[in-house]
Amino acid sequence: MPTCRGRGLLIAAGALCAALTMALHTWIPNGAVNLGSLFQTFLPWTGLSVPVLLLAAAVRRSRLAAVAVLAPVVVWGCLFGGTLIDKGSERAGSGTFTVVSHNVDEENPDPARTARALAASGAAVLALEEMSPKATPVYERELAAGYPYRSDTLGVRLWSKYPLNDVEAVPIMPWTRAVRATVETPGGPIAVFAAHLASVRVTPDAGFTTARRNDAARKLAAAVRAEPLTRVVVMGDFNGTAEDSALRPVTSQLTSAQREAGAGFGFTWPARFPVVRIDQILVKGMNATSAWTLPATGSDHLPVAASFRL
């Protein structure tokens with residue numbers, strides 16, 4: 001039977017393993033079950049290991065274990081400490097150019113209410129994903145007055161207060177899951193991409209199924225890389241977090257508005273009790289002044305918003 005000292009050593013070893021796993025999360029291989037992507041999706045929640053380890057150290061009255069727990073505390077703080085600070089330089093919605101992205105959910109029971117809530121945000125551009133053919137006319141009717149310009153793409157659409165030019169579908173999947181447009185703002189043109197990457201699943205036999213999502217991300221990244229305009233906003237449902245290494249083809253080219261100017265993690269899914277941020281607003285060529293999530297609508301996702309200084 002392990003001695004108290006031995007038990008303390010086990011807790012200390014567990015703390016060091018937790019710290020190393022957090023610090024080296026990008027080294028975790030995906031392999032057949034995409035373990036790396038799955039771990040990175042829930043990476044912020046690894047901080048919960050700290051109170052568990054502290055409690056174990058207290059129960060065993062092990063000073064060694066208590067000191068060892070400082071390792072995961074420091075690593076988690078380096079990874080996410082800055083995330084908890086409100087970095088917005090202006091009040092929400094007060095930036096020069098504001099955008100909102102929302103997976104409205106094709107099963108949304110009240111699309112009219114959702115449309116009105118999004119319009120009330122005052123955003124210059126709305127990017128809506130997962131629009132069903134049945135609900136699309138409802139959004140068109142509710143948003144017509146405030147957003148006279150829109151793309152006519154299927155599934156993923158843009159609505160804008162400013163003229164939209166060069167609107168085209170971006171072929172990231174066999175059917176339309178991304179659209180690109182030039183928004184002619186008073187401060188000059190901005191390239192805006194709205195995207196809905198392929199869904200992911202966690203199954204006992206296949207693990208974390210991300211192959212189609214990752215392929216869509218690579219194609220989206222190629223379109224962003226070829227974009228001639230210097231100011232670019234890419235937003236939508238990525239079905240993955242900014243920490244997911246598999247999405248680096250896209251995220252490495254851009255800056256997360258939430259990370260740059262938000263407060264907290266900005267979790268978006270599921271709407272009733274958000275645990276991950278899979279809805280993103282990414283940018284280059286502009287500085288984000290604020291980023292936030294909007295209140296729940298009838299969707300299973302929360303809307304995300306960001307303001308930028310042109």
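I counted a salt bridge as a side-chain nitrogen of Lys or Arg within 4 Å of a carboxyl oxygen of Asp or Glu. I worked on a predicted model, where local features need pLDDT of at least 70, side-chain atom pairs count only at pLDDT 80 or more, and totals for chains, interfaces and linings use all residues. Residues are numbered from 1 along each chain as its sequence is written, and side-chain values use heavy atoms, with hydrogens and water left out.

**Entry 1: salt bridges**

I found eleven salt bridges in the structure. I looked up Arg 150 and found it bridged to Glu 140, with the closest N and O atoms 3.5 Å apart. This pair joins distant parts of the chain: Arg 150 sits in strand β3 (residues 149-150) and Glu 140 in helix α7 (residues 136-143), ten residues apart. I took helices (H or I, at least four residues) and strands (E, at least two) as DSSP runs, numbered from the N terminus.

For burial I used relative accessible area: buried is under 20%, exposed is over 50%, and partly exposed is in between (1.4 Å probe, protein chains only). Arg 150 is partly exposed at 37%, and Glu 140 is partly exposed at 22%. I also noted a salt-bridge network that links Glu 140, Arg 150, Asp 152 and Arg 157.

Glu 227 forms a salt bridge with Arg 180, the closest N and O atoms being 2.9 Å apart. I placed Glu 227 in the loop between α8 and β10 and Arg 180 in strand β6, 47 residues apart. Are these two residues buried or exposed? Glu 227 is buried at 9%, and Arg 180 is buried at 7%.

Glu 243 bridges to Arg 259, with the closest N and O atoms 3.0 Å apart. Glu 243 lies in the loop between β10 and α9 (248-251) and Arg 259 in helix α10 (residues 257-261), so the pair ties together parts 16 residues apart in sequence. I logged Glu 243 as partly exposed, at 23%.

**Entry 2: the sheet**

I traced an open sheet of six strands with mixed pairing, in the order β5-β6-β7-β10-β12-β11. β5 (164-169) and β11 (255-256) each have a single partner strand, so one side of each is left without a neighbour in the sheet. I called two strands paired if DSSP finds at least two bridges between them. β5 pairs with β6 (residues 178-185) in the antiparallel sense over four bridges. I checked Asn 165 and found Thr 182 in β6 as its bridge partner.
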